[in-house]
Amino acid sequence: MDLIHPHSKADVLEVLREASRHRTRVLIVGGRTHMDKGNPCETDVELWTTMLDDLIAYEPAEMIAVVGAGMRVGDLQRALAEADQEWPVDAPPEATVGGVIAAAAVSPRRLSVGAVRDSVLEVELVTGDGRLVRSGARTVKNVTGYDLHKLVTGSLGTLGVIVQVALKVRPRPQARRTVLAGGGLETAARLLERVPLPAAVLATPETTEVRLEGWGEQVEEQTLAVAGSASVIELLDEAPFPLRRPWEERALVLEAAVPPSRLPELLAEAPDAWGALAGVGIAWVGLDAADGELAVVRERAARLGGIAPVVKGPGGLGDAPVPAMEVHRRLKASFDPAGVLAPGRFWGGI
Amino acid sequence: MADVDAAQRALEDALGPSEVLSDPLSRALYARDASMVEGACALVAFPRSLEDVVACVRIAGEHGLPIVPRGSGTGLAGASTPIADALVVVTSKMTRILEVRPEDRLAWVEPGLPNLDLATALAPSGFTYAPDPSSQQTSSIGGNVNTNAGGLHCLAYGVTSNHVLALDLVLPDASVVRLGSEAPEAAGYDLRGVVIGSEGTVGIVAAVCVRLTPLPPDVRTMLFDFETVEDCAATVSAIIASGVVPAAIEMMDHGIVVAAESFAHAGYPTDAAAILIVEVDGTPASVRAQSEAVERAAREHRVRSVRVARDEAERGLIWKGRKSAFGAVAQIAPHYHLHDCVVPRSSLARVLAGVYEIAARHGLVVTNVFHAGDGNLHPLLSFDRRVPGTLERVLRASDEIVRLCISVGGALSGEHGIGLEKREFMPLVFTDDDLAAQACVRTAFDPDGRMNPHKVLPEGARCGDFAMARGADAAGAAASLPEGSWI
Ligand SMILES: Cc1cc2nc3c(=O)[nH]c(=O)nc-3n(C[C@H](O)[C@H](O)[C@H](O)COP(=O)(O)OP(=O)(O)OC[C@H]3O[C@@H](n4cnc5c(N)ncnc54)[C@H](O)[C@@H]3O)c2cc1C
């Protein structure tokens, strides 16, 4: 497999023009941390974005950072931390910004920080046939035409190479605490109801981690509310969240998404390595192999109105129906007319 | 060729005769939105269900009528102003709340439901629908979705897109698709995100699944007044720099304070150069911490007085003045023209000074009431269009204001959209390739160009190769409105 390391947007344009001309199939690679999300596909070259890693503009008082898409999340967070800010995505430090966006990685703090797409204000994209297009603006609000940047968030490298983005960042909370409580999903549901505005409530089979973030006094106030509604095992300040990710110790991890109230049904018979975000409806389920269990969880997620792509290991995205398939096909044909960008990697075989 | 009579008969059969209007008065009523652009339409239809919407789209297609979706018509960009033989599909009879599921933090609603009716209905459940445009009493959820509406509280809560999980869309070929999901992630590209803010050009939204946000346990509303606009604007940046993201930061300048006060009697200081309304919310402890930081920032910028709402009634009063500001400007002159640029917060003072200078040079009265926390300006030019030459001056001043905002790195529109009024400005911020890519997105939904034609993209923007005249000015933009529409 050939590797290509573009140093500039101009390089990327050139590479994709050539690829389209010669029908060379391209797999776009960032930090390689989210590559398992996507269907298996055959490609001829890998395009690495990691040299496109400039911090282009960052004005803390605007809460906006403009960066090259190949910038490592860890480097970005360090730069932001100097001004006491963060990009609230919680991806591994070696992941790239563009990769997190293309994979629409889900933050364990989704309850309070929202989806990745909500933080992407502007994108510069090189299309499959080598055109540079920009969408959005470097402002927190913007209704100026069609939001291409929404379209490419989660597109798994099938519409173009994200080369540069403007991100909405936010102040880092002054206090961060994880309260570990006894009890799984039922406890989590109770805590979600009784604790005012938690940053996250993550249930595992036997315990619940409540993440509290904000002003010092506020976190104390919320801690009391947790203690009043569950048996507290441990209080940990400044600890990582989640404390542990047992599902990641398995060979295969599914990222199921269902309406939040359906989590108990989804997980009723699941093997014991899972973590579920109460009030959100995301569950990471660890499995030992891509055998029958994968199909069972998937089928169940589908029945509950959701999906369950694999995010670690083999197994792909699954065969959930894609709405408006014709619209999808036309989009793919417009942005990647020669079909060179990871053909088949996306939902619906796109 | 459009066959209006046949379309009318078919629509009357499908929807019932009382739901289809074709008389001149009704057609005139639905020939414009709340902007300055006027157009014309052939028929107006009022669907009552998803099936009715499908029938409208199908029949319009069969008889060659372009379709213009319309909610409450409060749009400020001419996006629901119809042109020529259009069928206007009004959602104002689709106002049901279909389902509220607090356990899933979602609700399904019909598109014509007024925004405030949803928030009011949700309140007893302890949740709300966060986006709250100033027009929320009237504007519809479907209209909000299609303009990606902002509101007074989007500084902390985000815009409409952050709060819409899924929608049922009737595509231009009359098929129905559900985009997005009740689950937090969905299969496929984020077409939901593309429909939001698409100004009725990709289909008709027939149902919306909104995300419910828990009502904060505590809230504090504060009013600060300043002797200079610069101090007031600088306070906005200082608040953000202190690490606080209030729920809302709204700014009003002297002219608008005076107008709003005589209308709403909110107790605003009418001798202030500018005021800020800041609202913080959260748990009681976080509200205390945030208010302290906000007050400190204001004191460092020579705030003259600080008023804290003591109860819900006083809070309502402070907001009443803000929300009725646009209505109140009618006292200044009969017409107004409003811009909606977004600029970096740190350039607010400079841009405001520029706006005053431009208005003065053109002999126009300008007032400002806007979402300062988001840098979202709303310079409001008041005038009397019956005075010859005034409209031309307004358009010239508008053009300069837009260019000023763009020159500091701003966006053409923060929440009102592009519609007909701003489409010829699009080349100021986008290249030909950018616009071609946008045209491809639109074409993917609507290959035959049936849905709300002429809106959003400048004339000439097509999916594929194209070239066009760049950077038209406002007078040029008015002159290049599509045939059949005018200011
Ligand atoms: C006094 C005043 C204050 C305002 N304040 C704000 C504010 O704070 N924030 C803000 O964002 N806006 C504001 N606006 C602008 C306006 O209210 C918003 O743009 C609002 O979202 C429009 O909703 P509507 O129902 O009136 O839509 P309309 O004006 O009827 O339509 C707007 C657009 O949406 C399309 N559309 C409507 N319904 C549908 C549907 N069901 N399917 C497909 N397309 C559809 C139309 O074709 C059109 O393109 C204000 C306007 C006024 C007059």
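Visitor: Does Cys154(B) count as buried or exposed?
Guide: A residue is buried under 20% relative accessible area, exposed over 50% and partly exposed in between, with a 1.4 Å probe and protein chains only. Cys154(B) has a relative accessible area of 4%, so this residue is buried.

Visitor: What kind of model is this?
Guide: Residues are numbered from 1 along each chain as its sequence is written, while chains are lettered from A and ligands numbered from 1 in the order in which they are written. Side-chain values use heavy atoms, leaving out hydrogens and water; local features need pLDDT of at least 70, side-chain atom pairs count only at pLDDT 80 or more, and totals for chains, interfaces and linings use all residues, as this is a predicted model.

Visitor: How many disulfides does the structure hold over all chains?
Guide: A disulfide here is a pair of cysteine sulfur atoms within 2.5 Å. The sulfur atoms of Cys440(B) and Cys463(B) are 2.2 Å apart and form one. Over all chains, the number of disulfides is 1.

Visitor: What is the handedness of the disulfide between Cys440(B) and Cys463(B)?
Guide: The handedness follows from the torsion about the S-S bond. That torsion is about 90°, so the disulfide of Cys440(B) and Cys463(B) is right-handed.

Visitor: How far apart in sequence are the parts that Cys440(B) and Cys463(B) tie together?
Guide: Helices are DSSP runs of H or I with at least four residues, and strands are runs of E with at least two, numbered from the N terminus. Cys440(B) lies in helix H16 (residues 432–445) of chain B, and Cys463(B) in the loop between H16 and helix H17 (474–479) of chain B, so the parts tied together are apart in sequence by 23 residues.

Visitor: Which cysteine sulfur is closest to that of Cys41(B)?
Guide: Cys41(B) is buried, at a relative accessible area of 4%. The closest cysteine sulfur is 13 Å away, too far for a bond, and belongs to Cys56(B).

Visitor: How much area do chain A and chain B bury between them?
Guide: In contact (heavy atoms within 4.5 Å) are 68 residues of chain A and 83 residues of chain B. Buried area is the accessible area, with a 1.4 Å probe, that two parts lose on being put together, summed over both. Of the area between chain A and chain B, 61% is on carbon and sulfur atoms, and the total is about 6000 Å².

Visitor: How many salt bridges are counted between chain A and chain B?
Guide: A salt bridge needs a side-chain nitrogen of Lys or Arg within 4 Å of a carboxyl oxygen of Asp or Glu. Lys141(A) and Glu415(B) meet this way, at 2.7 Å from N to O. Between chain A and chain B, the count of salt bridges is 5.

Visitor: How far apart in sequence are the parts tied together by Arg25(A) and Asp44(A)?
Guide: These side chains meet in a salt bridge of 3.0 Å, N to O. Arg25(A) lies in the loop between helix H1 (9–22) and strand S2 (26–29) of chain A, and Asp44(A) in the loop between S2 and strand S3 (45–48) of chain A, so the separation in sequence is 19 residues.
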